[in-house]
Amino acid sequence: KMKIINSMVEFIRDIYVKRKLIMALSYNDFKKKYSNSYLGLFWSFVQPLINIGVFWFVFSVGFRAADIEKGIPYILWLVCGFIPWYYFSDVFNTGTNVLYEYNYMLKQLVFRPMILPLIKILSNLITHIFFVGLIVVICFVHKVSLSLYSLQVFYYLFCMIYFLIGICLLFGSIKVFLPDVGELITVILQLGVWITPILWNIKILSPKMKLLFKLNPMFYVVDGYRDSFIYKIWFWEKPQWTFTFFVITTITMILGIAIFKRLQPHFNDIL
């Protein structure tokens, strides 16, 4: 137990000590992502906007899901779920490849590889903040009032980052030795859109099925974004699910750090 606690404390200390380097690498990663295309930064915004537009048209116009929640515009309900999910899926997908992408840094003794996933978490945060602003704009357009509740979106963002660090360390370290983990991640993300859920309302399920779906940590985050902008519910009003979320994500973090540290000495041999 003490080893686990010491590892977590050491990890937090490394983040603080190397904070300037992490920020610089994150900024360079963001620029590099679209440096080979003429429209560059434009693509980081247009792809999720197109996806939102397609989902809105299919489910609101095609399936007539406009009344998924009485009095709540479907487009607002959709973006409050899709925007955190898009950030999560993008970071999860790229964060597990970060050891391959930055393998040249693994040989630098002054650099701890465990902080590498933070590069992807921070570089993708730039576009995520923009899309949180889009939620605010949609609230204004549909005359949905903003309040202090809206500020807790930053709490749920922290929760999502906490979860992402754990799963990126866990899956990223294993993927070095089992490349097929990449295909597993693709399947997880494809299923995740439906089991979170992003496009449909969990209220249609039976109470037992709801309990099962709510064990998904991303349900807590997505539901939290909707609570912040739509339902006006504080996170401490759901103590059971807040506790459950942090138990599951902390276990994930502990596993991620433990497995990463166990496999780290062999990274250079493979990469």
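Me: Which residue forms a salt bridge with Glu-101, and how far apart are the closest N and O atoms?
Reply: In this predicted model, Glu-101 forms a salt bridge with Lys-120, and the closest N and O atoms are 2.8 Å apart. The pair links distant parts of the chain, since Glu-101 sits in helix H5 (residues 98–101) and Lys-120 in helix H6, 19 residues apart.

Me: Are those two buried or partly exposed?
Reply: Glu-101 counts as partly exposed because its relative accessibility is 30%, whereas Lys-120, at 6% relative accessibility, counts as buried because the cut-off for that class is under 20%.

Me: What does Lys-120 pair with in helix H2?
Reply: Lys-120 also forms a salt bridge with Asp-29, where the closest N and O atoms are 2.7 Å apart. That pair again connects distant parts of the chain, with Lys-120 in helix H6 (residues 117–123) and Asp-29 in helix H2 (residues 19–33), 91 residues apart. Both Lys-120 and Asp-29 are buried.

Me: How many salt bridges does a search of the whole structure find?
Reply: The search finds 5 salt bridges. One of them is between the side chains of Lys-238 and Asp-227, at 2.8 Å from N to O. Here Lys-238 lies in the loop between H11 and helix H12 (239–263), while Asp-227 belongs to helix H11, 11 residues away.

Me: And why is Asp-227 called buried, but Lys-238 partly exposed?
Reply: Asp-227 counts as buried because its relative accessibility is 2%, and Lys-238 counts as partly exposed because its relative accessibility is 24%.

Me: Staying with H11, is the helix mostly covered or mostly open?
Reply: Helix H11 (residues 217–231) is mostly covered, with 14 of its 15 residues buried.

Me: Changing topic, which residues form a nonpolar patch on the surface?
Reply: Ile-50, Val-54, Trp-56, Phe-57 and Val-58 form that patch, and together they have about 430 Å² of accessible area. Among them, Phe-57 is found in helix H3 (residues 42–62).

Me: Why isn't Phe-57 classed as exposed?
Reply: Phe-57 has a relative accessible area of 48% and is therefore partly exposed, because exposed requires over 50%.

Technical notes: Residues are numbered from 1 along each chain as its sequence is written. This is a predicted model: local features need pLDDT of at least 70, side-chain atom pairs count only at pLDDT 80 or more; totals for chains, interfaces and linings use all residues. Side-chain values use heavy atoms; hydrogens and water are left out. Patches are made of residues with over 30% relative accessible area and no salt bridge: like charges are joined within 9 Å, nonpolar side chains (Val, Leu, Ile, Met, Phe, Trp, Tyr) within 5 Å. Accessible areas come from the Shrake-Rupley method with a 1.4 Å probe; for residues, only the protein chains shown count as cover. A salt bridge is a side-chain nitrogen of Lys or Arg within 4 Å of a carboxyl oxygen of Asp or Glu. Helices (H or I, at least four residues) and strands (E, at least two) are DSSP runs, numbered from the N terminus. Buried means under 20% relative accessible area, exposed over 50%, partly exposed in between (1.4 Å probe, protein chains only).
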